[in-house]
Amino acid sequence: MKKAILFILVAALFAAMESPAARGRVYHITNGEPIQLFAFLTELFERLNIPANFRRIPKDRLLLLATGMEWFSKLFRPWKEPSFTRYSAALLVFNQTLDITRARTELGYLPTVSMRDAMEDLVENYSGEPR
């Protein structure tokens with residue numbers, strides 16, 4: 001499965017390179033399935049036997065924490081990227097669904113890997129070893 005996901009990305013890149021209309025354009029390449037992040041992560045962690053202890057933190061506090069971590073990193077560790085940023089916080093706080101219509105119409109892109117298949121791939125290939 002890992003190779004299938006890589007093949008999809010490479011195929012989309014080649015389609016973009018071969019299309020004159022694609023020059024300078026941005027395309028979202030996803031499987032086109034909207035998901036609920038915490039439901040997906042809860043199931044994934046459960047299948048990997050990793051304890052998940054999610055806590056709800058108000059949006060304002062989370063964004064303030066991320067801002068503080070960015071400033072701390074900028075002031076005391078400028079050579080290192082912060083471990084948590086406002087962008088990371090926004091991914092957790094706000095819903096987003098990437099529209100792949102342009103990739104479908106201009107590149108002929110068709111998603112072939114479902115979220116279920118991607119999760120199976122993650123579970124199958126997870127080693128539990130830190131990287």
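Before you click anything, here is a word you'll need: a contact means heavy atoms within 4.5 Å. Note too that this is a predicted model, where local features need pLDDT of at least 70, side-chain atom pairs count only at pLDDT 80 or more, and totals for chains, interfaces and linings use all residues. Residues are numbered from 1 along each chain as its sequence is written, and side-chain values use heavy atoms, leaving out hydrogens and water.

**Stop 1: the whole chain**

Show the cartoon. You'll find six helices and zero strands; helices (H or I, at least four residues) and strands (E, at least two) are DSSP runs, numbered from the N terminus. The C-alpha atoms fill a box of roughly 45 × 35 × 30 Å, taken along the principal axes. The chain has a radius of gyration of 18 Å, while a compact globule of 131 residues would be near 14 Å. That radius is taken over C-alpha atoms, and the globule rule is 2.2 Å times the number of residues to the power 0.38.

**Stop 2: Phe38**

Select Phe38, which sits in helix H2. Which residues does Phe38 contact, leaving aside its neighbours within four places in sequence? They are Phe54 and Leu92. Phe38 and Phe54 are 16 residues apart in sequence, and their C-alpha atoms are 8.5 Å apart in space. Phe38 is partly exposed, with a relative accessible area of 38%. The cut-offs: buried is under 20% relative accessible area, exposed is over 50%, and partly exposed is in between (1.4 Å probe, protein chains only).

**Stop 3: the buried side of H2**

Stay in H2 (residues 37-47) and pick Phe40, Leu41 and Leu44, which are buried. They cover an arc of only 95° around the axis, so they are on the same side of H2. (The arc is that of the directions from the helix axis to the C-beta atoms.) Why can that happen? An α-helix has 3.6 residues a turn, so residues three or four places apart point the same way.

In H6, the residues Met115, Ala118, Met119 and Asp121 are buried. Their arc is only 155° around the axis, which puts them on the same side of H6.

**Stop 4: salt bridges**

A salt bridge is a side-chain nitrogen of Lys or Arg within 4 Å of a carboxyl oxygen of Asp or Glu. How many are there by this rule? The count comes to four.

- Glu43 and Arg116: their side chains meet at 2.6 Å, N to O. Glu43 is in helix H2 and Arg116 in helix H6, 73 residues apart.
- Glu120 and Arg47: these side chains meet at 2.8 Å, N to O. Glu120 lies in H6 and Arg47 in H2, so the pair ties together parts that are 73 residues apart in sequence.
- Glu106 and Arg25: here the distance is 3.0 Å, N to O. Glu106 lies in helix H5 (residues 101-107) and Arg25 in the loop between H1 and H2, so this pair ties together parts 81 residues apart in sequence.

**Stop 5: Glu70**

Last, select Glu70 in helix H3 (residues 59-76). Is Glu70 buried or exposed? Glu70 is buried, with a relative accessible area of 17%. Not counting residues up to four places away in sequence, Glu70 touches Pro82, Phe84, Thr85 and Arg86.

Definitions and conventions. Arc of directions from axis to C-beta.
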